[in-house]
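Open the structure in your viewer and keep the sequence panel beside it. The tour below goes from one selection to the next.

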Amino acid sequence: MTRTHITCTINGDEVEFLCDQDETLLDALRDEVGLTGVKEGCGTGDCGACSVLLDGRVTCACLVFAPEVDGTTMVTVEGLAEAGQLHPLQQCFLEGAALQCGVCTPGFLVAAKALLDRNPDPTETEVRYALAGNLCRCTGYDKIIRAVLDAAADMQTATNGGSTAATTA
Amino acid sequence: MDYLSPVSVEEATTMLSQTPDARVFAGATDVIPQLRAGRPEPQALVDLKGIERLMALSQSDGSWTIGAAVPTVRLTESAELRAEFPGLVEAVGLIGSDQIQSRCSLGGNLCNASPAADSVPAMIVNGMRAVVASGSGTRTVPVADIVTGPGSTSLAQGEFVVEFELDRPPANTGDAYLRMTPRTEMDIAIVGASARLTLDDGVCTAATIALGAVAPTAVRVPDAEAALVGRPIDDEALAAVAAAASEACNPIDDKRGTIAYRRQVAGVLARRAVATAAERASGRETGEHRDGASQ
């Protein structure tokens, strides 16, 4: 089978790779591009471990054919930290011990970023619904939910120059 | 398996006529799991998202046009669509997670032909029509006539849905969709119930009611509709709706629910959906529905 040439933008960099026509984006990111932060949990869109932002929308990379992403812009977990600084979500996951084995963590971080991009000050209920497509078998979720709320509060404080005290639920 | 990405309806129909063993897809949220589960690979997969018409969402004076491949997140984000068809939008918003909503579409939800598809009863009660393309042109078909059984449709080989037509609602019209799932999120309906009513001074002048997940296809409930038209929406009318909805079921026993349970729940949800649609039609929604929708 001839391989397909793809040009896209990943985490701000222009990336080119070759893929098979029936390859998933998940396999292409891991095996062709070398971005192994994206994880395979179920391969059927149930667990969210392979979540990426595809043209700004949170998407399971396992449910996308790699040839579809030609010309698109993507963000993976590798793109969250900037200039050696962890993203507030990553920092809050660390500080709040919102992970144990860590396999689900990249997907949770990306899905949480998608939520905070569109809703910087979510309620706990909104966080729980937004992360319903991500499964974690270790933490029982509460620490994850709290870490996202903490990150939202930190980001609000930073945005407001620290002048107002953001509240967490 | 080849990946094909046509940019026009004509190019797609030509590809499909040249490759009889081809399968169209939009969000791929059903296709990829089915292939992984062992369904035979087609010779080619035809990605319809490159066709502008299938990705367009527009409104005119008389109607909405919803591209068959438009990701449902664009429908749930549309305040205008939600204002006119809150029941349709709440049904669409119940399909899967945010990750799935970024990709799944009305065309896919319909043509995958699951009896439990959440959007289908809501499309039926709103009288939506599917514009179906093939090599010989297009035809317009009521959504209710597309699905013929679990996993099967009335579409011929090489045909696909281009877009849906949705007439703007008459005055004093409201719709609602409710479903029952064992879990709050990320589950498949045991029962889905959709209702749309038009009221005139408290009296019902038009009613459509459809159920999902209780028969091989989504079903209309004409006896429940007849119990409403010409009458006020009172306890007696709602009881008649519940009885007719339970009677209209032809459900299966499975791990999600028994036949008896599905029948009972179908009556309850149909009654509640009618009550909410009536509140919306009269412009005095209580706001209780939203909590009920997620239980």
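Start in chain A by selecting helices H2(A) and H3(A), which make a right-handed crossing. A crossing is right-handed if the near helix is turned clockwise from the far one by less than a right angle, and left-handed if anticlockwise. Helices here are DSSP runs of H or I with at least four residues, strands are runs of E with at least two, and both are numbered from the N terminus. This is a predicted model, in which local features need pLDDT of at least 70 and side-chain atom pairs count only at pLDDT 80 or more, while totals for chains, interfaces and linings use all residues. Residues are numbered from 1 along each chain as its sequence is written, and chains are lettered from A and ligands numbered from 1 in the order in which they are written.

Two packed helices are described by the angle between their axes and the distance between the axes. In chain A, helix H2 covers residues 88–95 and helix H3 covers residues 105–118; their axes come within 10 Å and cross at roughly 130 degrees. Axes are lines fitted to C-alpha atoms, for helices over the stretch in contact, and angles run from 0 to 180 degrees between N-to-C directions. H2(A) and H3(A) are therefore oblique to each other (under 35 degrees counts as roughly parallel, over 145 as roughly antiparallel, 65 to 115 as roughly perpendicular and the rest as oblique).

Which residues make the contact? Select A:Leu89, A:Gln90 and A:Phe93 on H2(A), then A:Thr105, A:Leu109, A:Ala112 and A:Lys113 on H3(A). Two residues are in contact if their C-beta atoms, placed from the backbone, lie within 7 Å. By class, four residues of this contact are nonpolar, two are polar and one is charged (Ala, Val, Leu, Ile, Met, Phe, Trp, Tyr, Cys and Pro count as nonpolar, Asp, Glu, Lys and Arg as charged, and the others, Gly among them, as polar).

Now show the whole of chain A. Five helices and five strands make up its list of elements, and along the sequence they follow the pattern β-β-α-β-β-β-α-α-α-α. The radius of gyration of chain A is 16 Å, close to the 15 Å that the globule rule gives for 169 residues, so chain A is as compact as a globular protein of that length. That radius is taken over C-alpha atoms, and the rule is 2.2 Å times the number of residues to the power 0.38.

Colour chain A by domain: domain 1 is 4–77 and domain 2 is 88–159, with bounds from an automatic or database domain assignment. Their C-alpha centres are 21 Å apart. Domain 1 of chain A puts 14 residues into the contact and domain 2 puts in eleven. On the domain 1 side, strand E3 (residues 51–54) of chain A gives the most, with three residues.

Move to chain B, which has twelve helices and 14 strands. Along the principal axes, its C-alpha atoms fill a box of roughly 60 × 45 × 30 Å. Select domain 1 (2–167) and domain 2 (173–293) of chain B; their C-alpha centres lie 24 Å apart. The contact takes 24 residues from domain 1 of chain B and 26 from domain 2.

Finally, show both chains. Their contact takes 18 residues from chain B and 24 residues from chain A. On the chain B side, strand E1 (2–4), helix H2 (31–36) and helix H6 (98–101) each supply at least two residues.
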